Each structure stands twice: as C-alpha cells, then as structure tokens.
Amino acid sequence: MIRIAIVEDEAAFVQQMEDYAARYQRERGESLRVTVYTDGTELVERYSGDCDIIFMDVQMEYLDGMTAAELIRRTDPEVILIFVTNMPQYAIRGYAVGAMDYVLKPITYFAFSQQLDKAIAAVHRREKRYLVITSAGETRKLDVSHIFYVESQGHSLTFHTQEGDFVSTGTMQQTEKSLASSGAFFRCNKGCLVNLEHVDVIRDNCALVNGAALPISRGKKAPMMKALTDYVNGVTP
C-alpha cells in the first residue's frame, strides 16, 4: 500500500485530489491510503514518518508548505515531496528541500496522475532499501544495507546497524517477512536474523558479522552456506 498525505487548506482542492486518488486506484490497480492535513502545522505535529508521498500546498494560513517541508526533512529525508501551487516561482524553491516536482493549480487529473506515476515508481524502487521501526519513542527509517543483524531479546528486537543499536518492539517473524524482499537476510538461529552482506566468514558453526560470532543452529549451516553463495553470486531467491 502506498501512503499519501495531502496537505491543503482549501476544501475544494482536497476533495479534488481525493477524487483523483480514487480514480487513480481504479485505473492503475494501485492500493492507496490517503490522509488529509488542513495545514502545515497539523502535519508537522502529527507526522511520524509513516508517509511515502506528500502533496504539499505551498501557501497555507498558519504554516506554509516550504517551512513545513523543512521541518519534515529533519526527521524523514526519504519521503517524496510534491508541491501544489498556483505560483511556479515558489515551487521551484522546493528543490532546496529535495522535492521531486510540483503540480500547478488548477490541478488536472493528467498532471496529478503523471506525478503520482513517477512518485510511486520511486517508492517501489526503494521499498527493498528501508525498514521503518519505532525505537525509544521515535519512528526511524533504517537503511536495510546498514543492518548487520537483528537479535531477539525477550519481547524486544535489537537492530545492530552501522549507525548504532536500536531496540524496538515486534516479532522476529514479522521482521523476517519485512526484510525478505531484499534477499539479503538469513535466520541463522531462532533469535538471530543475519544480513548476508556483512557476513565475513563462517567458522566453527558461527557466522562472524561485524566482530560478533553468531551461532548457527544445527541443520542451518548448509542452507546458510547456500544462501550466502547465492547472495554473493547475485542469485535471486
């Protein structure tokens, strides 16, 4: 599912974009979840990193789109921003906050759908690259390639990454399923999910990952050796 935020303080434009999103779903067969924010302040106060695409009005009464985008970028550098405006000179400033593009008012379905096509294609390209977790009360996007391994400890999970260790809730089964599309992770024992990209060596029934010796369960060694060989050779599971 693609998660879209519409940030717009004019009800007519909100309704129009919601209608366009519904039409897009019917025509493209893409599942969309649309959330509406009536002002930049509302977006910033409620935002938890749970959007893939934001359609952001530039001119709003309380907190304008550019300022809201700058604040969002502090916590989410990856969300796709598309500005909506009737003044293109303002939208051009959006590139300073990494906006993908802009749509001019009055909005046509063709322009909306073209931007959505481009944005959704970008979301799908990077779906394998990021995992969203909640750690210490904050929503955090982890670059999958930066994860060394995930360790189950009681009712929590510890993500050992290049940026440090992050403790989160959830189950190993859920995490394994979420990371399956990357083709890089292998469950070497009941409580440990290893990123094959970072396996330095397999020795004495252990995988050496970033200096840690992670036990490989009985019966898992041969499948892990095959998974590692396939990964190195670029074989898709």
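This is a predicted model: local features need pLDDT of at least 70, side-chain atom pairs count only at pLDDT 80 or more; totals for chains, interfaces and linings use all residues.
Residues are numbered from 1 along each chain as its sequence is written, and side-chain values use heavy atoms, with hydrogens and water left out. Helices (H or I, at least four residues) and strands (E, at least two) are DSSP runs numbered from the N terminus.

**The parallel sheet**

- Five strands form an open sheet in the order β2-β1-β3-β4-β5, and their pairing is parallel; two strands count as paired if DSSP finds at least two bridges between them.
- The edges of this sheet are β2 (32-37) and β5 (101-104), each of which pairs on one side only, and the twist from one strand to the next averages 20 degrees.
- Strand β4 (residues 80-85) runs parallel to β5 and is joined to it by 4 bridges; Val84 has Val103 of β5 as its bridge partner.
- Helix α1 (residues 11-28) lies across β1 (2-7), β2, β3 (53-57) and β4, and it runs at about 175 degrees to β2. Axes are lines fitted to C-alpha atoms, for helices over the stretch in contact, and angles run from 0 to 180 degrees between N-to-C directions, while contact means heavy atoms within 4.5 Å.
- In the loop between β5 and α5 (109-126) sits Pro106, and the peptide bond from Lys105 to Pro106 is cis, with omega near -5 degrees.

- Asp230 belongs to helix α7 (residues 221-232), and its side chain is joined to that of Lys226 by a polar contact of 2.8 Å. Such a contact is a pair of N or O atoms within 3.5 Å; within protein, one must be able to donate a hydrogen and the other to accept it, and residues adjacent in sequence count only if both atoms are side-chain atoms.
- Asp230 and Cys206 are 24 residues apart in sequence and, C-alpha to C-alpha, 19 Å apart in space.

**The second largest pocket**

- The second largest pocket holds about 240 Å³ of space. On a 1 Å grid over the protein atoms alone, a pocket is an open set of points where a 1.4 Å probe fits, with protein on both sides within 12 Å along at least five of seven lines, and lining residues have an atom within 4 Å of a point. Grid points are joined across faces, edges and corners, and a volume is the space filled by probe spheres set on the points.
- Of the 14 residues that line this pocket, Thr75, Pro77, Arg140, Lys141 and Leu142 lie nearest its centre.
- Both α3 (65-75) and β7 (138-143) supply at least two lining residues, and the largest share, 5 residues, comes from β7.
- The lining divides into 4 nonpolar, 2 polar and 8 charged residues, where Ala, Val, Leu, Ile, Met, Phe, Trp, Tyr, Cys and Pro count as nonpolar, Asp, Glu, Lys and Arg as charged, and the others, Gly among them, as polar.
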